[in-house]
Amino acid sequence: MVQAYRFALDPNVGQQVALRSHCGAARAAYNWAVSWVTATWWQRRAEQSYGIAEEQLTPWRPSSLPALRKAFNVVKHTDPRFAGWWADNSKESYSTGLANAAAAFDNYTKSKQGVRGGRRMGMPRRKSKRGARLSCRFTTGTIRVEPDRRHVTLPRLGTIRTHENTRKLQRRLAAGTARILSATVSFARGRWFVSFQVEVIRDARAPALTDTVVGVDLGVRHLAVLADSTGDIRYVPNPGHYDNALARLRRLSRRVSRRRGPDRRAGRAPSRRWVKADAERNRVHHRVANLRTDALHKLTTAIRAEYVTVVVEDLNVAGMVANRRLARKVADAGFGQIRRQIEYKGEWAGGVTGKAGRWYPSSKTCSECGAVKAKLPLHVRVFTCEQCPLVMDRDANAARNLAALAAAVLAGTGVAGDQDAKASNPRGADRQTRATTRPRKRPGGRAGGAIPHQRTETRDPRQAEAVTLR
């Protein structure tokens, strides 16, 4: 299997300059590729406005990675934007930008054709020097983890000291159970990191409970409620890392606002007191992010170490964040990360991950008799069934429904095991889904020509399966 190992770096001043230069070279190559390809798009549109025939228009420029590399290798020697400094960085930095541009054009084309799922992708745009993420990927050259477990070696950057011990990866490399495929350096949360993409030979770890199914209901009051098929219910409290630091962040933000900050329009540089106050505030943000990441990894690892079959909901996190009353709580909980980590850690352990459909009424369904409520407002925290005497916490009831759903599908019996069975009222009056789709801005494809659209089938959310096991 392929796994990533990430370590923090402690580069010296010269190495920091080299790292920023390599990441800047990747951004420059990306911007050149975007401008080089889209130039023909606007040229063809201008020619069409003059009535030029289709066969006489400027030919399309290819956006594939081999074509971009071939064109860039010619331009970098003659273009004054690259001729004076391109040799100072590794060729992998430019390949990173060109590969990202090729992937962006491919995603845009597939999205226009209706082949790519997810939200619609827009036309690739140039990256700003101030807002672009600093990142560079190395696939060839000297990529090594030193035996002292405190240094790594990268092409053109040399040997860099690591802030963390690399024994987890170095042990596998020494034993011959791992092989490094690539290395990516990036700047995040105030420091430099290196991520190794490693092909690992890993023995599957059998979970402690192999015959037990657990349902995981995510929430704001409790980060997760676990209910397994044996009837055991556990509550995982929400750490609330951001809420705990909110008072301090407000105080530091007021201090930053009272300092003389930067002003690009007036060409004013920030004061030293502003830079110092802003750095102190950023350290708090970085600590909150690190604490959240650590807590989520520990939670998902513990779940996967105990259960072989885990069922989670396919939550619409983007829609939940749009609610201004829940946005801060939902973003601090990290629902999307929990589901993603449960899925890939389940593949490592050879487990099964069940994903309940987005429209499955887990909270409104009675876990005893199966009756479905038409409405259950969010402020109602206790589920009271009208058909049977069940009264229990709504999150625990939802977790029990998720566990029972997967258990029934695996056994092939019961209402949940019958994929053709429908709930009496899956959404009822509580459904507020947009009935119509948003119209496209322009019927054609990219500028200067239309990309043929493929016919795609649309599915009603109510026709989706109740649970998908992977």
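Predicted model: local features only at pLDDT ≥ 70, side-chain atom pairs only at ≥ 80, totals over all residues.

Me: Let's begin with the overall make-up. How many helices and strands does the protein have?
Reply: The protein has 470 residues, and 39% of them are buried. As for the secondary structure, the count is 11 helices and 15 strands.

Me: Of the contacts between residues at least 6 apart in sequence, what share joins residues at least 24 apart?
Reply: One case to look at is Q15 and G158, which are 143 residues apart in sequence but have C-alpha atoms 8.5 Å apart. For the protein, the share you're asking about is 65%.

Me: Staying with Q15, is it buried or exposed?
Reply: Q15 sits in helix α1, which covers residues 13-49. Its relative accessibility is 15%, and the cut-off is under 20%, so Q15 counts as buried.

Me: Which backbone oxygen does the side chain of Q15 reach?
Reply: Leaving out residues up to four places away in sequence, Q15 touches L157, T159 and I160. Its side chain comes to 2.9 Å from a backbone oxygen, and that oxygen belongs to T159.

Me: Which residue of β11 is the bridge partner of V213?
Reply: Strand β8 (residues 209-218) and β11 run parallel, joined by 4 bridges. The partner of V213 in β11 is T309.

Me: And which residue of β12 is the bridge partner of V312?
Reply: β11 also pairs with strand β12 (residues 352-356), in the parallel sense and over 5 bridges. In β12, the partner of V312 is K355.

Me: Now the aromatics. Are the rings of W41 and Y108 stacked or tilted?
Reply: A search of the whole structure turns up 11 aromatic pairs. In the pair of W41 and Y108, the ring centres are 5.9 Å apart and the planes sit at 25 degrees. Planes under 30 degrees apart count as stacked, so the W41 and Y108 pair is stacked.

Me: How many residues apart in sequence are the parts that this pair ties together?
Reply: W41 and Y108 are both buried. W41 lies in helix α1 and Y108 in helix α3 (residues 91-113), so the pair ties together parts whose separation in sequence is 67 residues.

Me: What about F82 and W85, are their rings stacked or tilted?
Reply: F82 is buried at a relative accessible area of 3%, while W85, at 28%, counts as partly exposed. Their ring centres lie 5.9 Å apart with the planes at 40 degrees, so the pair is tilted.

Me: Which residues do ring pairs link into a cluster?
Reply: F82 and W85 are among them.

Me: Last one, on charges over rings. Which ring does R202 lie over?
Reply: R6 gives one example, with its charged end over the ring of F193 at 3.9 Å from the centre. R202 lies 5.1 Å from a ring centre, over the face of W348.

Technical notes: Residues numbered from 1 in each chain as written. Heavy atoms only, no water. Helix = DSSP H or I, 4+ residues; strand = E, 2+ residues; numbered from the N terminus. Buried < 20%, exposed > 50% of the residue type's maximum accessible area, 1.4 Å probe, protein only. Contact = heavy atoms within 4.5 Å. Polar contact = N/O pair within 3.5 Å; in protein donor to acceptor, adjacent residues only side chain to side chain. Pairing = 2+ DSSP bridges. Phe/Tyr/Trp six-rings, centres within 6.5 Å; stacked < 30°, edge-to-face > 60°. Lys NZ or Arg CZ within 6 Å of the ring centre and 35° of its normal.
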